[in-house]
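Visitor: I am new here, so please take me on a close look at the salt bridges and what surrounds them.

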Amino acid sequence: MARTPRVAAAASAAVAAVLLLAGCSDDGDEPRRDASGNVTESAGADVFDVRLGDCLGDFGDSEQVTGVSVVPCDQEHAQEIYATAQIPDGELPSDDDLRAQAEEVCTAEFEAYVGLPYAESALDFTWLQPTAESWDQGDRELVCLVNDPAGPVTGSLQGANR
């Protein structure tokens, strides 16, 4: 299964993705976590094994994401998951409908995670959405990811207030 990444920037252009990111191999295991659920070491992971608060590497330039690089948030990373939402069952919505749903959810949840409304923040967001293939296999999740357009960050963006 795969998910299509999207950007909520002015052009709402498709974003990057990779099968597996450089330096990480997906061994089929979920990332190692501590008792609180925080990732404890960098690893390649299936895109469906990530959770709220996980910090991820960059996606590159592909059209679908199947594997990601998950890192502890105290290490340099490109983005982190700050919200998810379920898409109602039925037919797969069009890309425009998915974009509208993602922009609504990700914008609404942004302030609660970052500490500032999206319109006032220096940070941006992207999202992952189901592909036709993953939809047919039951994928109904939108995943919102916050990032700093200036480049990778170290430390969580939760409560960053910027």
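Guide: Happy to! Let us begin with a word for how covered a residue is: buried means under 20% relative accessible area, exposed means over 50%, and partly exposed is in between, using a 1.4 Å probe on protein chains only. This is a predicted model, in which local features need pLDDT of at least 70 and side-chain atom pairs count only at pLDDT 80 or more, while totals for chains, interfaces and linings use all residues. Residues are numbered from 1 along each chain as its sequence is written, and side-chain values use heavy atoms, leaving out hydrogens and water.

Now to your request. Side chains of opposite charge can pair when their charged atoms come close. A salt bridge here is a side-chain nitrogen of Lys or Arg within 4 Å of a carboxyl oxygen of Asp or Glu. The structure holds five of them, and we will visit some.

One of them joins the side chains of Arg 32 and Glu 41, with 3.3 Å from N to O. Arg 32 counts as exposed because its relative accessibility is 55%, while Glu 41, at 36%, counts as partly exposed.

Next comes Arg 33, whose salt bridge is with Asp 54; their closest N and O atoms are 2.8 Å apart. Arg 33 sits in the loop between strand E1 (3-7) and strand E2 (43-46), and Asp 54 in the loop between E2 and strand E3 (55-56), so this pair ties together parts that are 21 residues apart in sequence. In these names, helices (H or I, at least four residues) and strands (E, at least two) are DSSP runs numbered from the N terminus. Arg 33 is buried, at 18% relative accessibility, and Asp 54 is buried too, at 3%.

Another salt bridge links Asp 96 to Arg 99, again with the closest N and O atoms 2.8 Å apart. Both residues lie in helix H1 (residues 95-114), three residues apart, which is about one turn of the helix. Asp 96 is exposed, at 55%, whereas Arg 99 is buried, at 19%.

Two strands pair if DSSP finds at least two bridges between them. E2 runs antiparallel to strand E4, joined by four bridges, with Asp 46 partnered by Gly 67 of E4. E3 also pairs with E4 in the antiparallel sense, over two bridges; there, Leu 56 has Val 70 as its bridge partner. Five of the five residues of E4 (residues 67-71) are buried, so this strand is largely enclosed by the rest of the structure.
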